[in-house]
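This briefing walks through the domain layout, the sheets and the helix packing of the structure shown below. Please read it with the sequence and the coordinates open beside it.

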Amino acid sequence: MYATSYHRASSVDEAVSLRGTAEDGKYLAGGMTLISTMKQRLAAPSDLIDLRHISQLAGISVEGRTVRIGAATRHADVASSQAIRAVCPAICDLASHIGDPHVRQMGTIGGSVANNDPAADYPSAVLGLGATVVTNQRSIPADDYFTGLFETALEEREILTAIVFEAPEKAGYAKFANPASRYAMTGVFVAKTAGGVRVAVTGAGAGGVFRHAGMEQALSAQWSPDALNAVAVDPSNLMTDMHADADYRANLIKVMAKRAVAKAG
Amino acid sequence: MTTVTLTVNGRAVSGECEDRMLLVDFIRVKLGLTGTHVGCDTTQCGSCVIHMDGLSVKSCSILAVQASGSAITTIEGLSAQGEMHPVQAAFKEHHGLQCGFCTPGMVMTAVDMINRRGGSLTEEVVRTELEGNICRCTGYHNIVKAVLSADAEMAAGRQAAE
């Protein structure tokens, strides 16, 4: 790891100002991606601004069917939240399968959604639920937030503070996990929301997480795994890597989508 | 250089280190507690698992400065007055180790697992919970047996205390 300077922020404003004075600063949440990336010398920020101790970013609240998850909330806390489970068990299930128990006790939802790894689990939930990404400056609809591989609508110093969504009528998540890393080789989040059916796919798209219109239409007409039988998944914009080629992922999308609908009930 | 202050195994410690120093290196090099191992250094093997503020974490993927202010428990802090922790005793009883390299991480993981889900562990749950720990010798069978045995014994102990 190259040398870096660590700063611990105690408020969002302090974090923004620390980032402003840094030459090439990066925000640090749980660090479950960033520290590993720095160890491999794939990232070398001059300064790290630790957001983990900012109380404004902590906490889960469920009011009626509105769920708000603070950015610093760890995966383990989402997985075990009875309040969230009561209205949207699918996101608890998703969180309980991220990485391993130790990673889930450090990694945060804000870090994952800000990083937007194309194989991460959370982006599919955020997009699939039609959630709102709340930052220190504005609220960004999920449909406008994910802009590409590791790319989001976040500006240079903007800080993701919370994920907010209306609990869906039904939702489910299924992933085909890479056997070594547990990242999604393909993961599909399906949700029946007030605004319609949404299907979001992670781990497969060449441009990161995406919605699948054909599946959404089929499930709007009939909410059942069999409704997806006739849907064609085009492999042309899917990833090919050492683990799976685009055709394989196209098939996985369909299989995972069916499993997700079956889980949603 | 930054001063890192920790409570390690109940004892207040502090030391100077570069901001880029990993917590596991701080524990091993600065504090001389070499029971915590570095296996893969890529967050996969779990040899470096310790408890930070009561939760298991991988100390090879956390900077020492990030951990400053927290309470750390390492494998050295598990046994009291020379008595093995029930999980350590179960690993010995069930031969839950061969070369022993992964064992500190396995034991710390098992203790965390029992802290969180104690009394309700099944073979399937234990195997799933061990997802972040790799053992290249045992094939896991005896590790799983040891964790289940320790869980049962600790649950019985809790019941007796009630």
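The C-alpha centres of domain 1 and domain 2 of chain A lie 25 Å apart, in what should be read throughout as a predicted model. The domain assignment places domain 1 of chain A at residues 5-50 and domain 2 of chain A at residues 58-264, and the contact between them draws ten residues from domain 1 and 13 residues from domain 2. Chain B is likewise assigned a domain 1, covering 2-77, and a domain 2, covering 86-161.

**Domains of chain B**

- In chain B, the C-alpha centres of domain 1 and domain 2 are 22 Å apart.
- The contact between these two parts of chain B involves 17 residues of domain 1 and 15 residues of domain 2.

**The parallel sheet of chain A**

- Three strands of chain A make up an open sheet with parallel pairing, and their order across the sheet is β1-β3-β2.
- Strands β1 (5-8) and β2 (25-28) of chain A are the edges of this sheet, and because each has a single partner strand, one side of each is left without a neighbour in the sheet.
- Neighbouring strands in this sheet are turned against each other by 25° on average, with direction ignored.
- Strand β2(A) is joined to strand β3 (residues 47-50) of chain A by four bridges, the two strands running parallel, and within this part of the sheet A:Leu28 has A:Asp50 in β3(A) as its bridge partner.
- Helix α1 (residues 12-21) of chain A lies across β1, β2 and β3 of chain A, and its direction is at about 155° to that of β2(A).

**Strand β6 of chain A and its partners**

- Strand β6 (residues 132-135) of chain A runs antiparallel to strand β7 (residues 139-141) of chain A, with three bridges joining them, and the two form a hairpin with three residues between them.
- Strand β6(A) also pairs in the antiparallel sense with strand β10 (residues 160-166) of chain A, in this case over four bridges.

**The antiparallel sheet of chain A**

- Four strands of chain A form an open sheet in the order β11-β12-β13-β14, with antiparallel pairing.
- The edge strands of this sheet are β11 (170-177) and β14 (210-211) of chain A, each of which pairs on one side only.
- Between strand β12 (residues 184-193) and strand β13 (residues 196-202) of chain A, which run antiparallel, there are seven bridges, and A:Val190 stands opposite A:Val199 in β13(A).
- Helix α10 (residues 213-221) of chain A lies across β12, β13 and β14 of chain A and runs at about 145° to β13(A).
- Helix α11 (residues 246-264) of chain A lies across β11, β12, β13 and β14 of chain A, running at about 140° to β11(A).

**Helix packing in chain B: α4 with α6**

- The axes of helix α4 (residues 103-117) and helix α6 (residues 141-161) of chain B come within 10 Å and cross at roughly 40°, an angle that makes α4(B) oblique to α6(B).
- The crossing in which α4(B) passes α6(B) is right-handed.
- From α4(B), the residues B:Met106, B:Ala110, B:Met113 and B:Ile114 meet B:Ile143, B:Val147, B:Ala150, B:Asp151, B:Met154 and B:Arg158 in α6(B).
- Sorted by class, this contact of α4(B) with α6(B) has eight nonpolar residues, no polar residues and two charged residues.

**Helix packing in chain B: α3 with α4**

- Helix α3 (residues 86-93) of chain B packs with α4(B) at an angle of about 125°, the axes being 9 Å apart, and this angle makes α3(B) oblique to α4(B).
- The crossing of α3(B) and α4(B) is right-handed.
- In this contact B:Val87, B:Gln88 and B:Phe91 of α3(B) meet B:Thr103, B:Met106, B:Val107, B:Ala110, B:Val111 and B:Ile114 of α4(B).
- By class, the contact of α3(B) with α4(B) has seven nonpolar residues, two polar residues and no charged residues.

How values were computed:
Residues are numbered from 1 along each chain as its sequence is written. Chains are lettered from A and ligands numbered from 1 in the order in which they are written. This is a predicted model: local features need pLDDT of at least 70, side-chain atom pairs count only at pLDDT 80 or more; totals for chains, interfaces and linings use all residues. Side-chain values use heavy atoms; hydrogens and water are left out. Axes are lines fitted to C-alpha atoms, for helices over the stretch in contact, and angles run from 0 to 180 degrees between N-to-C directions. Angles under 35 degrees count as roughly parallel, over 145 as roughly antiparallel, 65 to 115 as roughly perpendicular and the rest as oblique. A crossing is left-handed if the near helix is turned anticlockwise from the far one by less than a right angle, and right-handed if clockwise. Contact means heavy atoms within 4.5 Å. Ala, Val, Leu, Ile, Met, Phe, Trp, Tyr, Cys and Pro count as nonpolar, Asp, Glu, Lys and Arg as charged, and the others, Gly among them, as polar. Two strands pair if DSSP finds at least two bridges between them. Domain bounds come from an automatic or database domain assignment.
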